[in-house]
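Here are my notes on this one, point by point. Have the model open while you read.

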Amino acid sequence: MSNGFETLAIHAGQEPDPLTGAVVPPIYATSTYKQDGVGGLRSGYEYSRSANPTRTALEEALAAVEGGARGLAFASGLAAEDTLLRTVCKPQDHVIIPNDAYGGTYRLFAKVHERWDLHYDPVPLHDLDAVAAAMTQKTRVVWVETPTNPLLGVADIAALARLAHDNGALLVVDNTFASPYLQQPLALGADVVVHSTTKYVGGHSDVVGGALVAANAGIGEELAYHQNAMGGVAGPFDAWLTLRGLKTLGVRMDRHCDNAERVVDLLLAHPRVTEVLYPGLPEHPGHEIAAKQMRRFGGMVSFRVAGGEAEAVAVCDRAKLFTLGESLGGVESLIEHPGRMTHASAAGSPLEVPADLVRLSVGIETIDDLLADLSQALAG
């Protein structure tokens, strides 16, 4: 019998504890395990870098909700990205990345892996011809964010999967913005999904984490080997918090989307807003593709303001209920200036974001309160 998303999020990998019947997986705060004789591992556990039962529960749940063969939990999203790249790439390989990728991802390529002789090119992923032109014999990965951070660009996952596979490359999709509830990249042909579980999966701004979910067991085994060898794993308490957040992802995402749509309506009507970036808008260049591959359009909204950078910063400063802060995807609403905050590392690069851009992570508060706060922040 197949189960729906919410059922999997609540039950996959989370059978009641066989000893006590506890319905919530325990936090196994242990570094090592008693062995049943030399080399006799009890249920496969020997050391918590290699495996921990709380982390196993999270990894099984993540694989289930993404429809993958293997899930792996990490200490952060960037730890997951680094492990993936060092698993599937070698020096002199080439990766295509979005031309408006998350600033931390860009920094990982430009400041860390470039020194390791891993080459990359930022490409507008909505343009399939541009992606095809950027492919080389050494292209190992096409790295996709959709929607992108912070410009909310949309890429066609299925089309990019075909293009990558035709050229002997893997398709990796950072699914952080959409979450597994709104988008299923593996079902569209992706090979690996990446998450910062800090964001919507955890959902409560109380834990940092990352994840990889592999479409097939072979890639999953390679990633698991490197996860253990490199060691950037999620601790048991972090895994437990993330698992708790995952249980309510579906209902939270519905409210995030409801509220974001109302926020977009306000912004579209406001005279000080010059542009609204949201995939749910019919005029968004990626709207048709987003409608095809997403359940709904998400809780992230970006907009540009008249008055340039100074006014964008002022709007962020004037907001009260929208908390000025980095990150996203929590139950509380956040506002930020990407150019000076999350994407400062991309300044002066091809991935530099507009100075007049404001990014919102729309939370699940009472919508009238959110609209009132935005109105006063924009009024000046």
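1. A word on accessibility before anything else: buried means under 20% relative accessible area, exposed means over 50%, and partly exposed is what lies in between (1.4 Å probe, protein chains only). By that scale Gln92, with a relative accessible area of 44%, is partly exposed. Its phi is near 80°, a positive value in a residue other than glycine. You'll find Gln92 in the loop between helix H3 (77-88) and S2; helices (H or I, at least four residues) and strands (E, at least two) are DSSP runs, numbered from the N terminus.

2. Housekeeping: this is a predicted model, where local features need pLDDT of at least 70 and side-chain atom pairs count only at pLDDT 80 or more, while totals for chains, interfaces and linings use all residues. Residues are numbered from 1 along each chain as its sequence is written, and side-chain values use heavy atoms, with hydrogens and water left out.

3. The loop between S4 and H6 deserves a look. Leu152 is found there, with a positive phi of about 55° although it is not a glycine; at 1% relative accessibility, Leu152 counts as buried. Pro147 lies in that loop too, and the peptide bond from Thr146 to Pro147 is cis, with omega near -5°. Pro150 is another residue of the loop, joined to Asn149 by a cis peptide bond with omega about 10°. For context, most residues other than glycine have a negative phi, and most peptide bonds are trans.

4. Now the seven-stranded sheet: it is open, in the order S1-S7-S6-S5-S4-S2-S3, with mixed pairing (two strands pair if DSSP finds at least two bridges between them). Strand S1 (70-74) and strand S3 (119-123) are the edge strands, each pairing on one side only. From one strand to the next the twist averages 20°; axes are lines fitted to C-alpha atoms, for helices over the stretch in contact, and angles run from 0 to 180 degrees between N-to-C directions. S3 pairs with strand S2 (residues 94-98) in the parallel sense over five bridges, and His94 stands opposite His119 in S3. H2 lies across S1, strand S6 (192-195) and strand S7 (210-214), at about 130° to S1.

5. There is also an open sheet of five strands, S8-S9-S12-S11-S10, again with mixed pairing. Strand S8 (273-277) and strand S10 (323-324) stand at the edges with a single partner strand each, so one side of each has no neighbour in the sheet. Helix H12 (residues 308-318) packs on this sheet, touching strand S9 (300-305), S10, S11 and strand S12 (357-361); contact means heavy atoms within 4.5 Å.

6. Which aromatic rings pair up? Rings of Phe, Tyr and Trp (its six-membered ring) pair if their centres lie within 6.5 Å, with planes under 30 degrees apart counted as stacked, over 60 as edge-to-face and the rest as tilted. That gives six aromatic pairs. One of them, Phe109 with Trp143, is edge-to-face, at 5.8 Å centre to centre and 85° between the planes. Phe109 sits in helix H4 (residues 103-113) and Trp143 in strand S4 (residues 139-145), so the pair ties together parts 34 residues apart in sequence. Both Phe109 and Trp143 are buried.
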